[in-house]
Amino acid sequence: MSETAATSSSVPSGETTITSRPPWWRHAVTYQVYPRSFADGDGNGVGDIPGITSRLPYLRDLGVDAIWISPFYTSPQHDHGYDVADYCDIDPLFGTLTDADALVARAHELGLRLIVDLVPNHTSSEHPWFRAALAAAPGSPERARYMFREGRGPNGDEPPNNWASVFGGSAWTRVPDGQWYLHLFDSSQPDLDWRNPEVGDMFEGVLRFWLDRGVDGFRVDVAHGLVKEASLRDQVLPQGERPQSGVDVNGPAADEVVDQPMWDQPEVHDIYRRWRRVLEEYPGDRMLVAEAWAQTAEALARYVRADEMHQAFNFAWLQAPWSASAFAKVISGTLEELLPVAAAPTWVLSNHDVVRHVTRYGGGAVGLARGRAATLAMLALPGSAYVYQGEELGLEQVEVAPEDRQDPTWLRTRNTDHPEVGRDGCRVPIPWSGSKPPYGFGADGSEPWLPQPDSWAPLTVEAETGDPDSTLEFYRRALAARREHAGAELGETVELFDLGGAAAGAGDGADVLAFRRDDLTVIVNCGTTPVELPAGEVVIASQPLTGTTLPPNASVWLH
Ligand code: NOJ
């Protein structure tokens, strides 16, 4: 399937015109649902599939095009579903396969596409394959599906190499017969050996299982990690640095490229070429989006070559600080690197792994103003945008009390010299209605799996609906404006420009991002003084404007 599907139609004169219609994902706004925390249909404190289905009209009305759902498969939930014990079934916590079918059908009925999450780097330690591996002897075919190795040191009692788990501690765990297995994440998430053909065959079956059920695409977890450098050699660490995963999901992008024998190996791309071929056997524009924490824009672009994935999350955008020059650098770097592969860019500010962007940008009223401004800029950029549940309500990162934390990152590091609070703070269940927890997330009196703050009453969907100043109404307006003014009909070229006189007139604090896409002009004031706007009609602003200036921490679209 080509990336631009050509459609032909007859015009009254009898001539045939050819118009080109890009596939849906190229310009889609996709809303990420973290199922544990979206909507709890059965009142057991954990969100579920019937809950999601019941809220689909809300998402349609919000104005998104697609939904990506984090894993809902059978799982012991040590990493909240990113530890899969059966890729072709639903965990009873979330529902049944029948519920999943109903979700797909209802989404399609409402005109929404549905992307599921595929977790191919590792299984759960409760997957039948890993159980069989533990029961089998070293050197057996069962062990060969994972990365079992002998240890180092006189009795083999040191791990095979110095790799660290992304969640803290060593990436190796020893089993009773003395061998070690690799887990780049939790010890309950053993890494598969993708050099073993059985693994690729198994996942082709998984892809087909979900494609046959009608899903529109897959978000591919840890897409940069499936193949490790064959030597499994030590990672060379900058002097004085402790072993680290190379993925710091809460920190800024590393300025220097570091040695990463566990990530982004050239052979990984063969896997995605095979998957692309599988998807192309199916009707409709099915798609793959990579979660690949590549170290450079150039490395990321390799995942979206014409015969590989369709998209890759652009984490550089999410990692950029609140700074016009940082935003400009990411925009130009992204577009430049994607040009040779002709892939559409993606933009994302928050997800279930990172501190919510309102908090990253300073929190409180300033953080919220900046969050809205950055969102409006994102929605004007070419390509597709990803929105994480709750950001449309202006939610901030929650400080979850130590005794309530559940993230394996916290559990693995809490008693070390480098404790990490983990990611629970961006995963607190969504407030829908009412004035106290569970705020309509589940039945009254039910207890959400992570406690919701008492301060959330003004941030429920119910409270924000109809209030023109609310973040929810702002998102609704912004998504509608994108459809009307910044959709597929605009070119994919972005012209960054200097506001010149207007910015200069703003004083020394001027730090302004300005770009054009055809006749749409976008200005983001990252500085500390108001900026004089160029001539033009205001399409939408991230906050009410008075006169012809744009206040700090605000953005605007002009025609
Ligand atoms: C990335 C996912 O987004 C994250 O939540 C998960 O913990 C790791 N991959 C491991 O699967």
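How far from an oxygen atom of the ligand does a polar side-chain atom of arginine 219 lie? The distance is 2.9 Å.

This is a predicted model, in which local features need pLDDT of at least 70, side-chain atom pairs count only at pLDDT 80 or more, and totals for chains, interfaces and linings use all residues. Residues are numbered from 1 along each chain as its sequence is written, and side-chain values use heavy atoms, with hydrogens and water left out.

**View 1. Ligand and the residues around it.** The ligand is surrounded by 13 residues, of which Asp79, Arg219, Asp221, His352 and Asp353 are the closest; a residue is near the ligand if one of its heavy atoms lies within 4 Å of it. This shell has seven charged, four nonpolar and two polar residues (Asp, Glu, Lys and Arg count as charged; Ala, Val, Leu, Ile, Met, Phe, Trp, Tyr, Cys and Pro as nonpolar; the others, Gly among them, as polar).

**View 2. Polar side-chain atoms at the ligand.** Aspartate 79 places a polar side-chain atom 2.5 Å from an oxygen atom of the ligand. For histidine 122, an N or O atom of the side chain is 3.0 Å from a ligand oxygen atom. The ligand taken alone exposes 290 Å², and the protein buries 97% of that (Shrake-Rupley method, 1.4 Å probe).

**View 3. Arginine 423 and aspartate 353.** The side chains of arginine 423 and aspartate 353 are joined by a polar contact of 3.0 Å (a pair of N or O atoms within 3.5 Å; within protein, one must be able to donate a hydrogen and the other to accept it, and residues adjacent in sequence count only if both atoms are side-chain atoms). Aspartate 353 is also among the closest residues to the ligand. Arginine 423 lies in the loop between helix H12 (408–413) and helix H13 (461–464) (helices are DSSP runs of H or I with at least four residues, strands runs of E with at least two, numbered from the N terminus). Arginine 423 is buried, at 9% relative accessible area (buried is under 20%, exposed over 50%, partly exposed in between; 1.4 Å probe, protein chains only).

**View 4. Cis peptide bond at proline 438.** Proline 437 and proline 438 are linked by a cis peptide bond with omega of about 5°. Proline 438 is in the loop between H12 and H13.

View 5. Glutamine 77, not a glycine, has a positive phi of about 65°. Glutamine 77 sits between strand S5 (73–74) and strand S6 (86–90), in a loop, and is buried at 12% relative accessible area. Alanine 342 has a positive phi near 60° and is partly exposed, at 47% relative accessibility.
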